[in-house]
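Keep the cut-offs in view as you go.

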Amino acid sequence: GETFLYQHPEDSEDLNKVALYITETSTRAKNEEMGTNIDSRNHDQTKLCADHDKQKSSHLGGCSTKKDSKTEHSTVDNSVWKLRSEYTTTAEDYESVQATSTSNFAYSEGHPMQFDLGRRSLNSDSDIHSDVEISPYACFYGAAKSTKEGWLDKLSPQGNCMFQKRWVKFDGDNLAYYNNEKEMYSKGIIPASSIITVRGIGDSKFEVLTSNRTFTFRVEKEGERDDWINKLLNAVKSQSNTFPHLGSRSNVSFEKSGYLELKGYKARIFIALKGVKVWIYKNEQDFKSGVGITTVDTNVATVKDMDRKGFELSTPFRNFSFTAESEREKQDWIETLEGSIAESLSDYEVAEKIWFNESNRSCADCRSLDPEWASINLCVVICKKCAGQHRSLGSNISKVRSLKLDISIWSNELVELFIVVGNKNANSFWTANLKAEEELDMDALPDRRLEFITQKYKERKFRKIPLTFLTQEELNKSLCQAVVKQDVLETMSLVFSGADAMCATGDATHCTPYLLAQKAGQRLQMEFLFHNKLSVIPKIDSPSEAAVHSQTSCSTFLCGFLYKAINTTKTVSEKRLKEEFNKRWCTLEGGFLSYYESDKSATPNGRIDISEVVCLGVNKPDLTWGTGVSYTFEMYLLSECLFSFGTDSAETLKDWTRAICKCFIPAVVENLLKKDYELIGRLYYKDVHNLERWSAGWFTLEKSKLCFCPEQDGAEEDSVYLKRLQELTVTTQLEHNEKKDVLLLVEKGRTLYMHGHTKLDFTVWHMAIKKAAGTDGNALRDQQLSKNDIPIIVDSCIAFVTQYGLNCEG
């Protein structure tokens with residue numbers, strides 16, 4: 001490698017900033033994962049440009065030019081070479097570090113170097129290991145690890161001095177042996193971290209010692225043995241210095257591990273999943289010592305559900321067929337492997353950019369390090385465990401997205417919004433009144449985690465209270481004034497305090513806060529408002545009603561046997577068979593419906609948050625076959641999940657549906673519950689009263705009558721008689737670069753636009769309305785009506801008789 005030094009930036013033709021390039025180690029991903037510093041490496045001599053040899057001392061006081069100079073550097077997770085300028089700009093919410101040219105210019109290619117840029121020395125251990133911020137655009141390079149491969153004779157584990165020819169590969173981290181050089185998966189693998197020592201025996205043999213096994217190899221050529229021993233010992237020394245805590249696998253955190261049957265093996269084998277690698281071991285003892293059979297990279301694998309308790313991990317080179325002890329354990333393995341596969345295909349670019357704000361490097365809820373998920377409407381970065389509980393709140397409260405998987409959602413504006421806001425500023429609002437003893441621990445159990453997150457975001461228990469009590473009208477007015485300015489934190493505070501993100505602005509052209517922000521050219525304001533346009537925030541004018549409704553939903557209790565559908569792909573209008581249901585003990589308590597294997601089970605098979613329900617469907621008895629499932633109801637959730645349950649009597653059906661509705665239907669529209677509905681739920685609509693903005697309302701479908709009531713206190717109920725519809729069509733509208741399916745209903749010149757929360761609930765409403773509006777049966781009351789409320793078939797008969805008389809057939 002060559003290093004060039006310049007006194008001024010203009011001396012370089014291609015670069016105009018201080019730049020630093022460091023050699024990359026092949027194990028960067030592993031080092032980042034372990035979160036520890038890389039062991040110091042010896043490097044070949046650094047050749048300096050002769051034209052600037054005399055000047056290097058004055059400009060780069062800490063730069064060494066000795067041969068085999070020792071250099072220490074760190075992974076991206078801990079510390080990376082960071083260039084600080086004399087001019088550092090600090091925003092109110094985050095620190096932006098920009099390297100600018102001051103008095104020297106350095107360009108290194110091929111080798112890492114030590115620098116002293118007048119601010120600090122990197123030669124001391126304390127400085128090297130200090131905690132510094134990392135630019136999302138910083139890159140890391142280190143020295144390549146020593147590798148070796150070739151044919152060796154390996155002593156058979158059965159002994160008897162029988163040697164078997166094996167192709168052996170050492171990649172700097174693991175020693176693996178194969179039947180031949182073309183095989184992709186090894187017969188055995190020994191991590192360097194599990195090797196105690198390597199020693200020579202005689203002239204041509206050497207032993208690799210681990211905690212529970214000794215491996216003996218024999219070389220064919222003279223001199224090869226010492227080379228193998230030296231490379232392995234150097235790697236063992238490096239691992240012990242860099243990762244002293246990895247003496248055994250028991251100290252390493254694995255996502256999942258346990259015994260499984262593997263096709264081709266007589267006895268059960270031990271499987272462990274760590275990151276994006278599946279490790280296969282002969283038994284648990286080998287797992288603890290680290291000595292395995294082979295590893296499978298999940299980035300080239302797919303997982304497939306097989307018959308009974310089996311599943312298959314498929315790669316382009318080999319299929320691994322596993323069998324679990326139970327169906328539940330199989331599903332757990334499949335879900336864990338699917339998560340690993342998704343992680344292996346993820347993109348780190350967005351995460352690194354968002355982590356540039358130092359407060360985003362820990363979870364906004366439990367403070368876990370390096371969170372990889374976010375709530376894009378709440379503007380908080382969260383860990384995987386907290387993300388699961390955020391989903392329980394429903395997408396109308398928290399829209400959860402991955403920093404690494406959902407790449408398409410992360411526009412430049414959204415990334416910039418998260419850098420500007422950051423977890424520190426977000427929590428200054430959400431946890432302004434949080435006491436130390438109420439904080440969430442990173443090791444908290446799921447129930448405690450859900451309780452805290454619900455209190456924080458749904459109940460807003462710890463939020464910052466405005467200094468002056470504002471009415472809803474004053475909040476909306478303040479929001480309209482805030483969105484035309486740059487302070488997005490003020491807008492966030494107003495919206496989460498109850499301001500309506502879709503309120504009327506009084507401007508005929510720019511009728512919503514989003515359009516006001518667009519007019520003012522405030523990109524970040526537009527991005528925040530876009531993701532919060534459908535967020536459900538309790539309004540300040542009706543706290544008592546919200547409290548009453550919450551109290552009512554939490555006090556509802558019901559229990560009994562129901563039949564839970566196995567196949568949830570059918571909608572409420574499709575017929576189900578008896579065999580498609582399993583009898584389950586169900587309880588409705590605290591706003592959650594839990595279902596158990598039996599009434600004696602202590603742990604539920606699953607739990608449904610009723611507050612996430614956006615639509616409830618009730619079917620007719622003739623849509624199912626078989627005893628026990630004559631009546632069914634279905635719940636459609638914001639997460640696009642569908643749950644279907646059956647009962648054996650109309651009375652039981654009525655009890656459960658009434659109790660469930662009380663948990664998610666607000667008190668202001670409780671009059672809708674008195675109807676004999678087939679569908680009930682929340683939709684967005686526009687009508688003649690206001691065609692400029694969408695309003696939220698609660699709808700019921702009762703035979704051919706569609707009733708709806710706005711989400712406002714004292715609002716009057718309205719209805720549409722579907723048999724009178726002159727037009728029923730589905731159109732696709734583009735709003736803020738987002739395609740949306742809209743249902744158009746025209747009745748006697750009156751127009752009603754509707755759209756759902758998800759594609760699933762929209763489809764259910766569309767099909768049900770279409771069926772209710774059509775001709776159903778031969779009776780006149782079931783016929784579609786004309787403009788004059790006369791059945792169309794009667795109107796046609798009158799017209800025919802008028803034209804042709806009674807003597808003609810037609």
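Is Phe-317 buried, partly exposed or exposed? Phe-317 has a relative accessible area of 48%, so it is partly exposed (buried means under 20%, exposed over 50%, partly exposed in between, with a 1.4 Å probe and protein chains only). This is a predicted model: local features need pLDDT of at least 70, side-chain atom pairs count only at pLDDT 80 or more, and totals for chains, interfaces and linings use all residues. Residues are numbered from 1 along each chain as its sequence is written, and side-chain values use heavy atoms, leaving out hydrogens and water.

The structure holds 27 aromatic pairs (rings of Phe, Tyr and Trp, the last by its six-membered ring, with centres within 6.5 Å; planes under 30 degrees apart are stacked, over 60 edge-to-face, the rest tilted). Tyr-185 and Phe-317 have ring centres 6.5 Å apart and planes at 65°, so they pair edge-to-face. They sit 132 residues apart in the chain. Tyr-185 is buried, at 12% relative accessibility.

Phe-633 and Phe-645 are stacked, 5.7 Å centre to centre with 25° between planes. Phe-633 lies in strand E30 and Phe-645 in strand E31 (strands, E, are DSSP runs of at least two residues, numbered from the N terminus).

Now the cysteines. There are zero disulfides (a disulfide needs two cysteine sulfur atoms within 2.5 Å). The sulfur of Cys-386 has its closest cysteine sulfur in Cys-383, 3.6 Å away, so the gap is too far for a bond. Cys-386 is buried, at 0% relative accessibility.

Technical notes: Helix = DSSP H or I, 4+ residues; strand = E, 2+ residues; numbered from the N terminus.
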